[in-house]
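Let's walk through this model together, one region at a time. Have the viewer open, and turn to each region as it comes up.

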Amino acid sequence: MHGMNKSTIAEARFKTMLIQLSLSILVIASLIATPTVLHASAATRLVVDNVDLNYYLPKNLVENNAYNTDIIKPKSVLNFEVGQWHARHDQVIQYMRNLAAQSERVSIIEMGTTWEQRPQILVVITSKENQDKLQEIINSRKLTESNDSTNQQLVVWLGYSVHGNEASGTNASMITAYHLAAKQGDAHQKFLQDSIVLIEPSLNPDGYGRFSNWANNNRSTHLSKDVYDREHREDWPGGRTNHYRFDLNRDWLLAQQPESKARLKWYHQFRPHVLGDFHEMGSNSSYFFQPGVPSRQNPLTPDENFELTDSIAKYHAKILDEAGSLYYSKENYDDYYYGKGSTYPDINGSIGILFEQASVRGHLRDTINGPMSFPFAVKNHFLTSLSTLEGAYANKDRLIDYQQRFFDQSKTAARNDNSKAIIVSNDGDPTRMAAFIDILLRHQIKIYALAEPMTINGLKISEGIIIPFNQPQYRLIKSLFETRTQFKDNTFYDVSSWTLPHAFNLPYAMLTRKGLKTNIRGKLIRTSQRNVGVVSGKAKVAYSINWNNYSAAAASNYLLELGINLRVARKAFTTDNLKGKTSFDAGTIVVPVGIQSVSSDTLYALMQKVAERFHLAISAIDSGYAKSGIDIGSDSMGRLKPVRPVLLTGSGTSGYDTGELWHLFDQRLAMNLTQAKITDFSKLALNKYTHLLLANGNYGALTEKNIVDIKSWVKAGGVLIAMKSASQWVSENKIIDVSFVIDEEEKLPAKKSIAYTEMDDNDASVMIGGSIFATDIDITHPLAYGYQRKFLPVFRNHQMIMNPSNNQYATVVRYRKSALLSGYVSDDNLEKISNSAMMIAERKSSGAVILILDNPVFRGFWYGTSRLLINSLFFGTSFKSPNN
């Protein structure tokens, strides 16, 4: 201020204040007009209250009137702007239908329906010329031995919100569809002519429906950004999962749920070159897009896949930089397990790309970066939808060529592989085999019936299938059957193994070049449909059902519910039937004719119905006198009682594990299941139930009185079945005398120092994210009825160690000394698991307590171990205590 008088200085200061005030007013005015700043409290609130469609759309397109004003906008269906509320699933579908009815660029494919009967649709957006010949294009996309990559359209699939409470994706899908349908100009028309864009607006309609209702029901007019507000904290189980609480983003490979089955059908019809998989993550994060962690890519995925993903990633970076959104791209997430939306394409010659937006879980939320609004989250997913299309189109020729070379190279690798095929035995169980075949067929894998019995490396296979390697899906076949135990990186976002025949407990063997014979391949299998069930004739004495058939349990439950008296043979026997002398294993279900309340004719008609409905071969027994073993009237023919199970659910219990159990009861066993809230336990009349099931979870909500009641109920004849962490809770509360190994590491002397930067890797190395282990099962035990071998593969994703029981007869399943079959486990954990218990069953007076340390129904596809649970339901008190 040197050389200026006081009057001049004061005038200068006043002018400066005016300028600053004017700038502040301009900033506020700009926020009101176009709310773009999203990490200031007032600004984000205004974004939600005053957002309109132009907030999302590229500014230059809006200013240049590049959108066809005749095209319907989302607000016309929603009655609010996208982001002001969470659009309901029916509103999203209705908007897409209206758009298709109006625009010649848009059509709708009805993919299927969910458990809750919501429609699954696929929105197809392309030029009118392509729409007119869409079926011809689909036919040209089918996977064959010799696909032609010339003159192909680029196919990009955009899939949103497979986790229903990650809702920004589904809401962004409407803006993406509008943009593609309404945008004008020669360049856009050329893009549509060269490309087919597939939009799946909601991969999980039931979960999304659950969450959108929650978010809207708890939305205040004056929005609360408090993270503890009810709007941001869903009640159990939340909207992440589908109706049966399955994580659909783990089901692409396993195909156990109808949503996945419908999606796979159309995925393989179109075989997209790029698939965008839009998710949400923790609210304090920013935005993630792949390529992800390079060292955690599955080795069956070509390196070029990573390179192409990285090439497209530059377009995401550019568009998010322009929007001022933070992001990261090479941390945390991996591409190892092929059962996710961003990884399944990688083993099918496509480029899968994961997107993760920080979640609002409502409409406005506090984060460490400041308040974040729902429209902001929606906008980021819309922007990366555009960058996916832009990046894919820029790499169009390379992507088309890559997909063709992927399958060409797969066939070359198959020819060079010393193994030429896989033989899988049906293990005497057509039901398990049918379910196994169903998965393979949904992945376009060619399967043939085994033409003649074989013995491979000592394994006798009387009936089964053969899967040749020389086919386009060679890499996927390798993935489903490999038993990898060595890894470049020991950190896994999900499971490290999913060997399919182990999950089904089906014996299998690799057939080498030397062992391959031309005459072993039978007819091509085109369907997983089982043979029609039959009854061998009208029985004089009894009917028998082979318990080895997985459907026998559902059939037995059906008969018990009808009041039919059933017996289980606790010992093997041989007797006469229409085919002559026939042997029956222990565990055979016997239906005596003479002790029923219905006539023999009525019973015969019912058994025929059961055989047809459950695809069973039921034998008629004509003599109660056994040629060997027990007679039909023996005391060793144990009576079966109807099963009345109750499963504790709710806060503290695993939504996944309880849902998988519910699915087993409801869909596989056709059995009524009571799902009681854990908080209602004191209100339950336990004597109504025969079985109490405790899945993985925290049972601290149960009181001392509850525990006393459980003990009394068990002694009176109830069967308590506890799984995973619930097993340890049962042990700690002395309901059974079984101990667990407690890690006493804190009592050890201090260890040497390790660099802080190695902490994450070291922590990951001791985790068991999901591996397969070998166990031995006591096949003489009633809880092992139906098992054909001592060897039983089990899935494990925890670190609990259960000691074998002091009762020498009670440890039904035990880990082998060298237990690892496939997947990652640290040497220290493997040593602890060695010879430990996997399943223990003990009688308590008239009842029983059964502990199953692992989840026997993991993700619905572990048919092999699910029999342990099923047997516990039907035969839970069919075994004795020592000296009884």
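Tyr550, Glu660, His663, Leu664, Arg668, Val857, Gly860, Trp862, Tyr863 and Ser866 line the second largest cavity. On a 1 Å grid over the protein atoms alone, a cavity is a set of points where a 1.4 Å probe fits but cannot get out, and lining residues have an atom within 4 Å of a point. The elements that give two or more residues to this lining are α21 (655-668) and α26 (863-874), and α21 gives the most, with 4 residues. Helices here are DSSP runs of H or I with at least four residues, strands are runs of E with at least two, and both are numbered from the N terminus. The space in the second largest cavity is about 50 Å³, where a volume is the space filled by probe spheres set on grid points that are joined across faces, edges and corners. By this rule, the count comes to 6 cavities of 30 Å³ or more.

A word on what you are looking at: this is a predicted model, in which local features need pLDDT of at least 70 and side-chain atom pairs count only at pLDDT 80 or more, while totals for chains, interfaces and linings use all residues. Residues are numbered from 1 along each chain as its sequence is written, and side-chain values use heavy atoms, with hydrogens and water left out. The predictor's confidence in each residue, pLDDT, runs from 0 to 100. Its mean over the protein chain is 91, and 91% of the residues reach 70 or more. Over residues 1-42, however, pLDDT stays under 50, and the model has 26 contacts beyond four places in sequence for them; a contact means heavy atoms within 4.5 Å. Where pLDDT is low, the predicted coordinates should not be read in detail.

Next comes the largest pocket, which holds about 1000 Å³ of space. A pocket is an open set of grid points with protein on both sides within 12 Å along at least five of seven lines. This one is lined by 40 residues, of which Asn426, Gly428, Pro430, Glu463 and Asn531 lie nearest its centre. Two or more lining residues come from each of α16 (430-442), β11 (448-450), β14 (464-468), β17, β18, β21 (580-584) and β23. The largest share, 4 residues, belongs to α16.

Now turn to helix α20. Which of its residues are buried? They are Leu603, Leu606, Met607, Val610, Ala611 and Phe614, where buried means under 20% relative accessible area, exposed over 50%, and partly exposed in between (1.4 Å probe, protein chains only). Seen down the axis of α20, these buried residues fall within an arc of 140 degrees, so they line one face of the helix. The arc is that of the directions from the helix axis to the C-beta atoms. What covers them includes β17 (534-535), β18 (542-545), α19 (552-561), β22 (589-592) and β23 (617-621). The length of α20 (residues 600-614) fits too: at 1.5 Å a residue its 15 residues should span 21 Å, and the end C-alpha atoms are 21 Å apart, which agrees. The expected span is 1.5 Å times one less than the number of residues. Just after α20, His615 takes a positive phi of about 55 degrees.

Helix α8 (residues 134-141) has Leu134, Ile137, Ile138 and Arg141 as its buried residues. They cover an arc of only 100 degrees around the axis, which puts them on the same side of α8. Gln269, in helix α12 (residues 258-270), is in contact with Ile138, Arg141 and Lys142, leaving aside neighbours within four places in sequence. Gln269 is itself buried, at 18% relative accessible area.

Finally, some backbone details. Most residues other than glycine have a negative phi, and most peptide bonds are trans. Trp236 and Pro237 are joined by a cis peptide bond, with omega of about 0 degrees, and Pro237 is found in the loop between α11 (205-217) and α12. Asn79, in the loop between α5 (75-78) and α6 (89-102), has a positive phi of about 70 degrees although it is not a glycine. At 68% relative accessibility, Asn79 counts as exposed.
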